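Here's a friendly walk through a protein chain for anyone meeting it for the first time. Take a look at the structure, then read on.

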Amino acid sequence: MLTNKRSAPLAAIVLLAVASTADAEPKSLLFYGNSFTGNAGGVHLMVRDIATAAGHETPHIYGRIVSGQTLQYHLATGTSVITSGIPAGDRWDAVVLQEYSTRPTTHPTDGNVPAFRAAAQGLYQAVLDHSPDAQAVLYETWARNPGHHFYPGIWSGAPEMQAQLRENYNSASDLLNTIGTSEVARVGDAFEAGGFDNSLYAGDLYHQNNRGALLAALVIYGTIYDDITTSDIDLTPLMTSYGLDQDDFAFATNLADTVLVPGPGGAGLLAGLGVLAARRRRSRD
């Protein structure tokens, strides 16, 4: 919140600039992931629908989603979609990178943090070679449900697993910031804020159900669009498509808003102003 009255005119100018340019063009968003992106109707498609419901121009979405695979697999086999998945001459605004759920951990068979970091950097560099201003958004996944057989054993509980995911996604984002601009979409932290509630998980206690997918999509949407308040978006049009209700939306938006906090300094100010512009746009609809 601005407390210095002398800064108010500048803030007003910036707000007008943000409001007037926010949706000059629809965003183009590329997703790399596996079932944590593709299940429950598709997190990437939910991001599209949330952005539209929030008053943004409907983004162009391309998902390169292969169940059970890692970012290293996508780097080896899927970089051609960087050019084929978008109209000629257009550029990607962001690439969303979702790693295999145990890869950024010390899991004894599937964990490989150096490979995760290297693959994320390789994919992001390939996107930058095509779209030099593209942002990397690292889709931080979540720990297994507290009832999963991983606990106790590999980890003492879900918070310990989540701590490793958070640390290593943050570390990968720091690496990507050396070649471009990167941010973590803190989906796993939102699951943790909800106590790793059963209502977010499918029956296998690690994949997301529709409510969990909605939470993931809200956090990714808010990260990409600098919208730190999702609870004021009218998500009613999504109910039929995704089999959700108002209780699901209230639960998910509350958790999303706990992790969608503004950045430090000027970036935080601009994000906040962008949110105000989005709110005002939505209130006029």
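## The big picture

Let's start with the parts list: the chain has twelve helices and five strands. Keep in mind that this is a predicted model. Out of 285 residues in the chain, 50% are buried.

## Inside the core

In soluble globular proteins, nonpolar side chains tend to be buried together. Here, the largest nonpolar core is made of 75 residues. Tyr32, Ile50, Leu97, Tyr139, Leu215, Val219 and Ile220 are the ones with the most contacts inside this core. Which helix gives the core its largest share? That's H9, with eleven residues.

Setting aside neighbours within four places in sequence, Leu97 touches Tyr32, Leu71, Ala120, Leu123, Val137, Leu138, Tyr139, Tyr169 and Leu176. Two of these contacts, Tyr32 and Tyr139, are also on the list of core residues with the most contacts.

## Two helices side by side

Two packed helices are described by the angle between their axes and the distance between the axes. For H9 and helix H11 (residues 246–259), the angle is about 40 degrees and the axes are 9 Å apart. The two helices are therefore oblique to each other, and their crossing is right-handed.

Who does the touching? On the H9 side, the contact is made by Arg211, Leu214, Leu215, Leu218 and Val219. H11 brings Asp247, Asp248, Phe249, Phe251, Ala252, Thr253, Leu255, Ala256 and Val259. Sorted by class, that's ten nonpolar residues, one polar and three charged.

Most residues other than glycine have a negative phi, and most peptide bonds are trans. A few places in this chain go the other way. Tyr151 and Pro152 are joined by a cis peptide bond, with omega at about -20 degrees. You'll find Pro152 in the loop between strand S4 (135–139) and helix H7 (158–176).

Ala40 isn't a glycine, yet its phi is positive, near 60 degrees. Ala40 sits in the loop between helix H2 (35–38) and helix H3 (43–53). Asp226 has a positive phi too, of about 55 degrees. Look for Asp226 in the loop between helix H9 (210–225) and helix H10 (238–242). Is Asp226 buried, partly exposed or exposed? Its relative accessibility is 38%, so Asp226 counts as partly exposed.

Definitions and conventions: Residues numbered from 1 in each chain as written. Predicted model: local features only at pLDDT ≥ 70, side-chain atom pairs only at ≥ 80, totals over all residues. Heavy atoms only, no water. Helix = DSSP H or I, 4+ residues; strand = E, 2+ residues; numbered from the N terminus. Buried < 20%, exposed > 50% of the residue type's maximum accessible area, 1.4 Å probe, protein only. Axes fitted to C-alpha atoms, helices over the stretch in contact; angles between N-to-C directions. Parallel < 35°, antiparallel > 145°, perpendicular 65-115°, else oblique. Left-handed = near helix turned anticlockwise from the far one by under 90°. Contact = heavy atoms within 4.5 Å. Nonpolar A, V, L, I, M, F, W, Y, C, P; charged D, E, K, R; others polar. Core = buried A, V, L, I, M, F, W, Y, C linked by side-chain atoms within 4.5 Å.
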